[in-house]
Amino acid sequence: MTKTALITGITGQDGAYLAEFLLKKGYQVTGLIRRSSTRNSVDDRLRWLGIADQVQLADGDLTDLSSLQRVFRLVKPDEVYNLAAQSFVATSWTQPLLTAEVTGMGVVNMLEAVRLEKPDARFYQASSSEMFGKVQSYPQNEETRFHPRSPYGVAKLLGHWMTINYRESFNIFGSSGILFNHESPLRGIEFVTRKVTRAVAAIYLGKQEKLFLGNTDARRDWGHARDYVRAMWLMLQQDDPDDYVVATGRTSTIKEMFDIAFEHVGLEPEAYVEIDQSLIRPAEVDVLLGDPKKAKEKLGWEPEISLEEMIAEMVDADIKRLS
């Protein structure tokens with residue numbers, strides 16, 4: 001029988017790649033979307049991947065449990081992937097209440113919908129390396145203590161622990177992927193990797209003069225979203241639910257990342273990059289480095305796309321867009 005999947009956040013980077021992945025495996029895919037006055041552009045990423053006409057879209061909101069229940073009754077999902085969130089860390093400082101409501105309590109609403117409407121569904125929660133925040137040990141694994149340093153990280157931690165609580169209290173098949181930074185040409189331009197690749201493309205094309213950045217010494221473990229959605233799916237194919245760190249095990253500074261981008265188009269970054277103190281966060285997470293050993297051993301998962309390949313792909317895509 002054809003499996004059915006419900007994806008929240010289907011119009012985002014991860015949701016679009018996950019939908020593409022599941023469709024190739026023969027799933028019937030439904031995406032949860034909020035009503036919006038800009039609905040005509042909501043499926044840009046799905047159209048970029050050429051799958052917009054292959055997925056069903058259902059109206060609902062993470063902050064409205066009744067709407068989630070109606071969607072569950074309609075779709076009757078075998079697998080639920082909760083990827084929707086207010087996911088920009090910088091915005092969480094200016095909109096902490098919204099972030100807590102959507103990124104934190106939204107997970108509780110989703111878990112309640114599973115419990116009340118489809119308790120046999122398998123549930124995936126998109127947790128985040130931002131939960132580690134002020135890291136206690138290197139590299140970070142499933143046993144590392146959490147110390148979030150942003151409203152976003154705190155909200156993600158609520159969703160993470162609620163998933164564990166529903167798993168232990170109600171026997172819900174709930175697994176969390178503690179995903180480290182993962183990027184792609186579909187990444188929003190508010191995120192630093194896409195900000196860099198779009199600026200490099202614009203500078204290369206003569207449409208922009210400078211790239212302004214904050215703390216370029218912060219280190220991140222960057223992977224490709226295509227690799228990471230494969231890990232999400234693998235988690236829900238296991239006999240038992242569990243939590244997994246998904247990472248490359250390689251850390252690079254923001255400076256090293258933009259060096260790769262500029263090198264790809266044959267430009268010297270020193271001539272174009274300037275530091276803007278206003279872009280530095282109130283509390284910075286200095287180093288994030290994941291240990292994916294458990295995911296490799298239990299899921300058989302390995303990242304396949306390198307940082308250099310990913311950044312080159314992103315720059316090329318932005319050159320295409322801007323041209």
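The side chain of S150 reaches the backbone nitrogen of G153 at 3.0 Å, where a polar contact is a pair of N or O atoms within 3.5 Å, of which, within protein, one must be able to donate a hydrogen and the other to accept it, and residues adjacent in sequence count only if both atoms are side-chain atoms. This is a predicted model, in which local features need pLDDT of at least 70 and side-chain atom pairs count only at pLDDT 80 or more, while totals for chains, interfaces and linings use all residues. Residues are numbered from 1 along each chain as its sequence is written, and side-chain values use heavy atoms, with hydrogens and water left out.

S150 lies in the loop between strand 5 (122-128) and helix 6 (151-170), helices (H or I, at least four residues) and strands (E, at least two) being DSSP runs numbered from the N terminus. At 5% relative accessibility S150 counts as buried, a word that stands for under 20% relative accessible area, with exposed over 50% and partly exposed in between (1.4 Å probe, protein chains only). Leaving aside neighbours within four places in sequence, S150 is in contact (heavy atoms within 4.5 Å) with V89, S92, W93 and E130.

On a 1 Å grid over the protein atoms alone, a cavity is a set of points where a 1.4 Å probe fits but cannot get out, whereas a pocket is an open set with protein on both sides within 12 Å along at least five of seven lines, and lining residues have an atom within 4 Å of a point. Grid points are joined across faces, edges and corners, and a volume is the space filled by probe spheres set on the points.

| Space | Volume |
|---|---|
| Second largest pocket | About 160 Å³ |
| Largest cavity | About 30 Å³ |

The lining of the second largest pocket includes D44, R45, W48, G188 and R194, and helix 2 (residues 44-48) gives the most to this lining, with three residues. G188 is found in the loop between strand 7 (182-183) and helix 7 (192-204), is buried with a relative accessible area of 10%, and touches R45 and R194, not counting residues up to four places away in sequence.

The largest cavity is lined by residues including W222, H224 and M310, and the elements that give two or more residues to its lining are strand 10 (223-224) and helix 11 (307-322).
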